[in-house]
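Here is a short briefing to read alongside the model on your screen.

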Amino acid sequence: MINTTKKALSLLLALALLAILAGCATPSATPASSAPAASAGETATAEPESSAPSEGGQTRPNIVHLALEGEAATLDTLKAEDTIALTVSGALNVGLYIRDADGVARLALAESVDKSEDNLVFTYHLKDAVWSNGEAITAHDFVFSWRELADPANALQYSILLRTAAVLNANQVIDGELPKEELGISALDDKTLEVRFERPIPYVETVLSMGSFFPVNEAFYKAQGDSYGTSPETTLSNGAFLLKSYQPSATFIEMTKNPDYVFAERISVDGLTYQVVKDSQQAVLAYENGDIDVVVLGGEQAELYSDAPEFTPVLTGALWFLSPNVAVPGLDNLNLRKALALSFDKEALVKTVLKDGSIPADYVVTRLTHVTADGADFRDLTQPILQADKALAKEFWQKAQEELGLSEVSFTLLVEDNEATINASQYLQAQIQENLPGVTITIEQMPKKNRVERMAAQDYELALTRWGPDYSDATTFLDLFLTGSTYNYGGWSNAEYDGLVKAASAELVNDIPARLKALQDAEQIIGAEAAIFPVYQKANAYLIKPYVKGIEFTTTGALISRYAVIEQ
């Protein structure tokens, strides 16, 4: 339980912010009798919502209410790229595979898979499953989706995953050298899908469980055009839940159970809601008020509730780092980049600012991401990089001043407009300016969607950004910084690095010791060139209502709520 001092602080917090409650309360669920008619894209269930008893003998709807730190920018599975969009779209859709809480890919829409002896051809036999409009899901839906992902005309950033999976001809199709029809995927018939690979990839099934590989109904997708995934009427799904209420960048999302989901018997709740609450104080008050069942805490709130029985800290595999745009004058200077990278105390940041269990990151490949066959974590086998050293940072800054012929420089730092990120950025700003006299950092806040767009256009100088692992291998991070990678926003390039990372996914893929050495050497190059400035590995500090069971967490930072249970 929370101690007396913490209770007093909680009471003061509640009194001070009582007026906020109305703004963050979750809208009441629409009674079944007044529910809107099913849209063209969704099949509504006619069953009324059941209820579970709550404290005091009252009943609560059999619905889990969740908080999000930001908006879901899109529900189009081909375009969903960040943790929030992937979390929400993942509740609505499923593909050939589905990942469990341990990150293991299990068959989902596929009943079985036949693999050739050389592991270069996978033949999937699909289950009898349907879309939310009643149409059958077929192998053609996968072919259309994967070709759209690869089509260079669409310029989809997660097309990189086709390269990662080594799907046959993926590189040539994405680069515009072959038509998308040459991609190594084909429908042998409505229920049989064949996928061909350039080379065997040990973790390929984990990659194929990503949302980018979900099927897409071609006729419906084309009929909606740019409006696809912007409302229940323009969304088609096949997952655990159906969309009931949503608009782009909406602060409230509502879903109902999908009776036709392939694992419907495992779904206990009648629905989910997502409430966007960027301020952790508002989130805590909504939790205390009973409007939200699961919430992420930050800073003071994480410390305040650390003794509560419902407090659940979870270390994720997500890395937060500063990304320098090396095309910007000054940031093209190696000594200045090194000075910046070493100038801030990461330990103090996680202990005094974040307070949520996050840990300092002196690396690119995070803990939990890459574990060898004998159970060793990549981090325990690999030397750290860019460890904080204020004295050495000053030396690099002095060298940079001499090389640049400048005594002062200033940069703008792009950050997201949520509380934790703003607090972290203000700490970094103060540390850099204090330890590198003459360096000025100006913070520019914006919604995540805008920050990502600015970075993708290379319209930035410095940015505080993050990456969560898409699959369980070091290349999920190291591939980001290859020359020409769609996510290499900073524009850094190194031929030796490219050679090492590419070899790890090609000729070294089955030579485990040599591959590990190549990955380790590649990470060291990032450190030597200060291509990015690692800051911390993210932990999420959750409060979960005691009557909510079955919530699962992944190393990506995503919360899996499809198998949640409201205790009776």
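Predicted model: local features only at pLDDT ≥ 70, side-chain atom pairs only at ≥ 80, totals over all residues.

Residues are numbered from 1 along each chain as its sequence is written, and side-chain values use heavy atoms, with hydrogens and water left out.

**The whole chain**

- The protein chain has 19 helices and 23 strands; helices (H or I, at least four residues) and strands (E, at least two) are DSSP runs, numbered from the N terminus.
- Of its 568 residues, 57% count as buried. Buried means under 20% relative accessible area, exposed means over 50%, and partly exposed is in between (1.4 Å probe, protein chains only).
- Take the contacts (heavy atoms within 4.5 Å) between residues at least 6 apart in sequence: 69% of them join residues at least 24 apart.
- The average pLDDT, which is the predictor's confidence in each residue from 0 to 100, is 87 for the protein chain, and 89% of the residues score at least 70.
- Over residues 1-56 the pLDDT stays under 50, and for this stretch the model has 102 contacts beyond four places in sequence.

**A pocket**

- Pockets and cavities are found on a 1 Å grid over the protein atoms alone: a cavity is a set of points where a 1.4 Å probe fits but cannot get out, a pocket is an open set with protein on both sides within 12 Å along at least five of seven lines, and lining residues have an atom within 4 Å of a point.
- Grid points are joined across faces, edges and corners, and a volume is the space filled by probe spheres set on the points.
- The second largest pocket has a volume of about 570 Å³. It is lined by 25 residues, and those closest to its centre are Ile160, Arg163, Asn171, Leu482 and Ser485.
- Helices α4 (139-150), α5 (160-164), α6 (170-174) and α18 (495-504) each give at least two residues to the lining of this second largest pocket. The largest share, three residues, comes from α5.
- By class, the lining of the second largest pocket holds ten nonpolar, nine polar and six charged residues. Here Ala, Val, Leu, Ile, Met, Phe, Trp, Tyr, Cys and Pro count as nonpolar, Asp, Glu, Lys and Arg as charged, and the others, Gly among them, as polar.

- The largest cavity has a volume of about 80 Å³, and the residues lining it include Leu75, Trp131, Phe220 and Tyr228. Its lining has eight nonpolar, four polar and no charged residues.
- The second largest cavity holds about 50 Å³ of space. Among its lining residues are Glu69, Trp320, Arg466 and Lys538.
- Both α15 (419-435) and β19 (533-544) supply at least two residues of the lining of the second largest cavity. That lining has three nonpolar, two polar and three charged residues.

**Two buried residues in loops**

- Ser231 sits in the loop between α8 (218-224) and β10 (241-245). Is Ser231 buried or exposed? Ser231 counts as buried because its relative accessibility is 15%.
- The side chain of Ser231 makes a polar contact with the side chain of Thr234 (3.1 Å). A polar contact is a pair of N or O atoms within 3.5 Å; within protein, one must be able to donate a hydrogen and the other to accept it, and residues adjacent in sequence count only if both atoms are side-chain atoms.
- Not counting residues up to four places away in sequence, Ser231 touches Leu243 and Tyr246.
- Thr372 lies in the loop between β15 (359-360) and α13 (378-381), and its relative accessibility is 18%, so Thr372 counts as buried. Its side chain makes a polar contact with the side chain of Asp374 (2.3 Å).

- His125 is in strand β7 (residues 121-126), and it is partly exposed because its relative accessible area is 27%.
- Leaving aside neighbours within four places in sequence, His125 is in contact with residues including Ala110, Glu111 and Lys191.
- Asp459 is placed in the loop between α16 (448-456) and β18 (462-467), and at 44% relative accessibility it counts as partly exposed.
- Asp459 and Tyr489 are 30 residues apart in sequence, and their C-alpha atoms are 9.4 Å apart in space.
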